[in-house]
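The sequence and structure are shown first.

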Amino acid sequence: MKNSFLQFLKDILKELFSNKVNSLFMFLALTISLIALNTIYSLGLSAKKQVLDSLASVQFGKDAMLIIAGGGRIIGLTTTRTDTLKLEDVEELEKLDFVKLASPMVRGTLEVSYKDFAEKIRVEGVFPNYTVANNWYPKIGRFIDERDFKNMTKVCVLGADIPEKLNKKDIKNILGEKIKIAGEYFEIVGVLEPKPSFGHFRRDERIVIPFTTAQRRVFNKDYIDGVKLLFREGTDMKLAEAKIREILRKRHSLYGIEPDDFRIITPELAISVFTKTLRTINVFLLVIALISLVISGVIIMNLMYANIEEKAPIIALRIALGASPRKIIEHYLIMSFFIASISGFAGWILSLILMEIISLFTPLKPIFSWWIFLLSFSFAGFTAISFTLIPAIKASQIEPAILLKSL
Amino acid sequence: MVDKLVILKNITKTYKTGNIAHQVLKGIDLEVEEKEFLAIMGASGSGKTTLLNIIGLLDKPDSGTYILDGQEVSKLNKKELAYIRNRKIGFVFQAFHLVPWATALENVLMPLLYRGILKKEDEERALQLLTRLGLEKGINAKPSELSGGEQQRVAIVRALITKPKLLLADEPTGNLDSKSSQEVMKIFKELNEEGLTIIMVTHNPEIAKFAQRIKIIKDGVFVEK
């Protein structure tokens, strides 16, 4: 007993390969648009993963909040005064029962020089609890301690990228060296562990000094630039945010429609700001890819029509020999399914290769996901089969009488 | 009356070309008995091909009745017609109409593909028939590798593989040289003697001589000799 279906498939495949050029174009049209679709989709996945990874490595913490002096949009220039946030505000916030820890800081970009190196670098004046608040510890040496804080000592801890900038290859030797910050000599007591960049913001390019030293000796200001708050576990972020806003507005004498002169950044907000732009770009690109898929569908339809027109006598013969209209439709749908399978697979493999190539030039890393495999096959199948349906129905309507008339 | 395989009564068929209607068949009556070998002769444009299309269920008459093997078939739909063609009728065409990318054996087995089941004995029968018609060497050859006579013999085997009751041949020797023509007609004669009903359309009197009965069609009606 031999399965007639296998013979049926063999017949379809032979027909497919009998017109190589026609089949090749159908295959190419579909494959190219699938490569575009798969690649864009996986780039989107990769970019999203990267953002989430970097957000995770920032270790902002889910029970954490950052308050920055100066009102305005989350990303962009401040539109209000920036000198209103004070240590007294922080003391008030620390009284809230859900606040576990508050770490205020002042910051600025200052001229830093060391031997023949001189550059403007971000300098932060921080509390000793900075390490806990940001989950960021020294790789070598020590961090600023309570004694430094009390005595306003001139010590500093470098971000991981700074030693290299200073041309110090062997970072062990850097401890105890003096570095000039805004005209004053600071002793290097430690180097922070590296943290990944966050967008354009290179987090390892910073120098931290004691808060007291910074406020009195370097910046000479009585306000702070920001405060990182850690909450007790299970704190309702929405309520916490509302309460903190209320307190700060009251203390800053802001009433009615007057805008906040501070910004509150929560982990959700940070993620949403970064993923939103990403999603917009990604949706836009996916729409383009889908349009190209429709175009390839139309190309397939066109070529299928040409194929059917060319094979009309053979289709008429099949009908004369007893093929029902349904068998003819099946015949061409199976044929397009073959094209779809080959294209789906080729589109998938080639998009993986393309991703590898893209990763050589961009920070995006290739991502392997069976979803993309599934995406490739389902879109290939859907496009090929839906656009073959009309030509296939037309083929099934061919009159077998043409076999005799054509003579 | 089962011994009448084909009964046509007052069959008419009109083709429209633009606004001009052209009546090709003007009331055809025909009865063909089982095991008969009938030749239909006529000049081109006489309507013989249209008649063969209707007998072969490739086209439908405008009016009249057609009873094939005891069944009224003039009102059936495409699927039902395909089913009857597949089981009761074998076709042999002037231009052979073999599928170019398929081997001789695959061409022969094609009608069985549309039945859904292909049995081992079907393949054996195909090989037997091919061997009987002297094609044992060309079983795996493509049509383009075969001579005209060989191609037509493959087409005959394809028509026979379904064990049809009726074999319809449309100018079966029209594309063949005289030697191949004689061979093909000898095969037809043998098959008829074994009990196969054959209706053949031709304009060649030499070929028509092989039939037991000859009907002549002229301007859409049968005429006496």
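Two strands are taken as paired if DSSP finds at least two bridges between them. Helices (H or I, at least four residues) and strands (E, at least two) are DSSP runs, numbered from the N terminus. This is a predicted model, in which local features need pLDDT of at least 70 and side-chain atom pairs count only at pLDDT 80 or more, while totals for chains, interfaces and linings use all residues. Residues are numbered from 1 along each chain as its sequence is written, and chains are lettered from A and ligands numbered from 1 in the order in which they are written.

**The sheet in chain B**

In chain B, 6 strands form an open sheet of mixed pairing, in the order β6-β8-β9-β3-β10-β11. Strands β6 (89-92) and β11 (221-223) of chain B stand at the edges with a single partner strand each, so one side of each lacks a neighbour in the sheet. On average, neighbouring strands of this sheet are turned by 25 degrees against each other, direction ignored; the angles, on a scale from 0 to 180 degrees, are between N-to-C directions of axes fitted as lines to C-alpha atoms. Strand β10 (residues 213-218) of chain B runs antiparallel to β11(B), and 3 bridges join them. B:Ile216 stands opposite B:Val223 in β11(B).

**The shape of chain A**

Chain A has 13 helices and 11 strands. Its radius of gyration is 33 Å, well over the 22 Å that the globule rule gives for 407 residues, so chain A is more spread out than a compact globule. This radius is taken over C-alpha atoms, and the rule is 2.2 Å times the number of residues to the power 0.38. The C-alpha atoms of chain A fill a box of roughly 110 × 55 × 40 Å along the principal axes. Chain A is divided into two domains by an automatic or database domain assignment, as tabulated here.

| Domain of chain A | Residues |
|---|---|
| Domain 1 | 4-55 + 272-405 |
| Domain 2 | 103-225 |

The centres of domain 1 and domain 2 of chain A, taken over C-alpha atoms, are separated by 57 Å.

**The contact between the chains**

Chain A gives 26 residues to the contact and chain B gives 35 residues, where contact requires C-beta atoms, placed from the backbone, to lie within 7 Å. On the side of chain A that touches chain B, two or more residues each come from α1 (4-18), α10 (312-320), α11 (325-361) and α13 (402-405) of chain A. The most come from α1(A), with 7 residues.

Conventions. Two residues are in contact if their C-beta atoms, placed from the backbone, lie within 7 Å.
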